Amino acid sequence: MIINDDKLPDLPPPPSTVGVIGWLRTNLFSSWLNSLLTVIVGYLLVINLVPLIDWAFLTSDWIGETREDCTSGGACWVFISVRLDQFIYGFYPEELYWRINTMYVIGVILITALIIESTPKKPLIAAFTLIIFPIIAFYLLYGGAFGLEVVETHKWGGLTLTLVLACVGIVASLPFGVLLALGRRSEMPIVRSLCTAFIEVWRGVPLISVLFMASVMLPLFVSGETHMDKLVRALIGITMFQSAYMAEVIRGGLQAIPKGQYEAAMALGLNYWKSMGLIILPQALKLMIPGIVNTFIALFKDTSLVLIIGLFDLLAIVQAALSDPKWLGYSVEGYVFVAFVFWVFCFGMSRYSQGLEKKLHTGHGAR
Amino acid sequence: MSTETMGVSDEVKIELKDVNKWYGEFHVLKDINLTVKKGERIVICGPSGSGKSTMIRCLNRLEEHQAGQILVSNTELTNDLKNIETIRREVGMVFQHFNLFPHLTVLENCCLAPIWVRKTPRKEAEATAMKYLERVKIPDQAFKYPGQLSGGQQQRVAIARSLCMNPEVMLFDEPTSALDPEMIKEVLDVMIELAQEGMTMLCVTHEMGFAKTVANRVIFMDGGQIIEENDPHEFFDNPQSERTKLFLSQILAH
């Protein structure tokens with residue numbers, strides 16, 4: 001028999017398990033194999049990163065007008081800074097840049113307001129962002145009303161076009177995806193088979209061929225009178241394609257919700273749409289945030305495929321600039337710039353989704 | 001007035017006539033006939049797979065019956081969605097696994113159906129919800145999420161959530177089977193209180209103490225049939241059928 005009434009004092013942990021040394025020990029040098037790998041990886045990092053930093057920052061040129069200003073042998077960022085307007089605005093008339101800028105300013109203000117936690121009246125701002133802002137953005141970009149001059153879509157390009165494609169694709173594919181996912185799980189056979197067929201057809205076709213069909217084949221079927229803008233056709237293609245993917249992601253979330261949740265909602269007298277909208281979808285969408293954002297990021301990067309149907313998105317316009325005889329030989333700078341811009345947006349989305357997951361976590365298992 | 005007749009009126013609340021149900025080839029409910037009057041408390045017991053849960057789940061159409069008639073408050077359950085929704089508003093249900101909505105707070109769980117189904121103004125719904133949360137003795141947990149509560153507390157919230165719809169009938173599907181022993185009592189106490197206030201209750205449970213305290217009738221089911229139906233004293237002291245005797249000896253043995 002053991003009786004021990006004395007309370008033992010709390011002692012600090014051994015010094016080799018905490019602090020910098022403890023961290024190094026557990027993460028980098030926990031066994032001889034790990035120590036070896038740490039040394040090898042460290043060596044590879046040093047021999048690759050040092051020249052890269054040297055090229056991109058230390059010996060690079062930032063200020064100037066022509067290639068003659070690039071003298072230090074490193075990256076020639078002058079190429080980017082000289083062409084920056086074109087990379088952002090495409091072939092948009094220079095005197096109308098203020099319209100795009102206004103749109104960007106409104107957009108940034110709205111998105112910042114939505115991200116900051118303490119903003120009052122968030123639902124109102126969200127509704128404004130999703131419903132009113134696209135209308136404002138359309139008239140700012142395209143014009144044709146309020147005395148704004150029309151700017152045809154073939155003049156749109158660069159980052160602006162990329163963002164238009166991505167935002168429209170993201171905002172439109174989510175609701176379509178939700179409807180398709182619900183339809184595929186419906187008990188009505190016709191709805192179910194239509195949704196299943198739609199998803200399987202679009203998911204089984206490469207996006208490039210979708211875009212080709214949208215730009216080349218669709219006009220052949222539609223009579224000559226009804227002219228549909230090439231950008232609109234690309235947007236429809238991208239939205240349909242991505243909503244099929246989205247539907248499958250969301251269906252995964254729906255399947256993870258226990259049957260008891262459906263039953264409890266029904267037993268309380270909620271009808272189908274109310275129980276989906278209030279009980280099932282909020283839980284399923286929250287569960288699927290990583291998958292949904294994954295699809296968004298894929299969509300964002302896939303927008304660069306529109307270059308094959310002659311739309312000049314960011315990548316295409318940089319590529320076009322590279323063939324300018326005045327700037328031959330600076331393709332590395334161009335592609336690094338494009339990659340960096342894409343990365344900033346995608347990383348932003350990824351961080352936001354992680355924040356959202358944390359915020360929505362209410363400390364429970366799914367039951 | 002004895003416990004059995006306390007608060008029971010002649011108004012028929014639930015009526016099952018020759019109800020049959022199959023899961024594929026499996027005949028799960030066989031010729032079920034049962035009449036429940038307003039204010040009656042009925043305990044249903046039986047071995048697992050006997051069809052007792054299926055029967056009470058048919059009463060609010062969580063399961064569909066294939067033959068016979070089910071009437072709840074004189075409305076027949078058919079494929080008519082309107083009827084089903086009317087009945088579900090009048091019939092509250094408490095599940096074995098609570099089935100609270102984990103993304104909503106306790107108070108939101110309770111207010112959701114009154115606001116969206118009954119169109120009660122939010123303020124009023126919240127006041128009612130707090131009243132029922134006080135009755136189940138957890139008003140202090142109103143702003144927590146279900147995941148932060150113990151099993152017994154969750155089940156009491158589930159009862160409060162059903163009561164917020166002001167139901168005429170309450171169905172309990174093994175409400176204490178998923179609880180740790182020390183939490184069973186707090187849930188049973190709430191149910192006993194509810195029974196004493198005259199709520200019409202159908203309760204699938206193996207809590208024989210509960211059955212003896214509040215039930216007007218105990219129903220024993222086996223193999224999809226009602227084997228025996230009697231008042232609790234007769235049922236426990238003087239069971240008639242062999243299967244009931246065997247069942248009782250098994251559950252009372254330990």
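Predicted model: local features only at pLDDT ≥ 70, side-chain atom pairs only at ≥ 80, totals over all residues.
View 1. The contact, meaning heavy atoms within 4.5 Å, takes 22 residues from chain A and 24 residues from chain B.

**View 2. A salt bridge between the chains.** Across this interface the rule finds 1 salt bridge, where a side-chain nitrogen of Lys or Arg must be within 4 Å of a carboxyl oxygen of Asp or Glu. The partners are B:Arg57 and A:Glu263, whose closest N and O atoms are 2.5 Å apart.

**View 3. The side of chain A that touches chain B.** Two elements of chain A, α10 (259-267) and α11 (272-287), each give two or more residues to this side. The largest share, 8 residues, comes from α10(A). Helices such as these are DSSP runs (H or I, at least four residues), numbered from the N terminus. By class, this side has 9 nonpolar, 9 polar and 4 charged residues; Ala, Val, Leu, Ile, Met, Phe, Trp, Tyr, Cys and Pro count as nonpolar, Asp, Glu, Lys and Arg as charged, and the others, Gly among them, as polar.

**View 4. Two domains within chain A.** Chain A is assigned domain 1 (87-151) and domain 2 (156-360), with bounds from an automatic or database domain assignment. Their C-alpha centres lie 21 Å apart. The contact takes 17 residues from domain 1 and 16 residues from domain 2 of chain A.

**View 5. Domain 1 of chain A against domain 2.** The area buried between these domains is about 1300 Å², with carbon and sulfur atoms giving 75% of it. In domain 1, A:Phe87, A:Phe91 and A:Leu141 lose the most area to domain 2, together 45% of what that side buries.

**Notes for the reader.** Residues are numbered from 1 along each chain as its sequence is written, while chains are lettered from A and ligands numbered from 1 in the order in which they are written. Local features need pLDDT of at least 70 and side-chain atom pairs count only at pLDDT 80 or more, whereas totals for chains, interfaces and linings use all residues; side-chain values use heavy atoms, with hydrogens and water left out.

Key: Buried area = accessible area lost by both parts, 1.4 Å probe.
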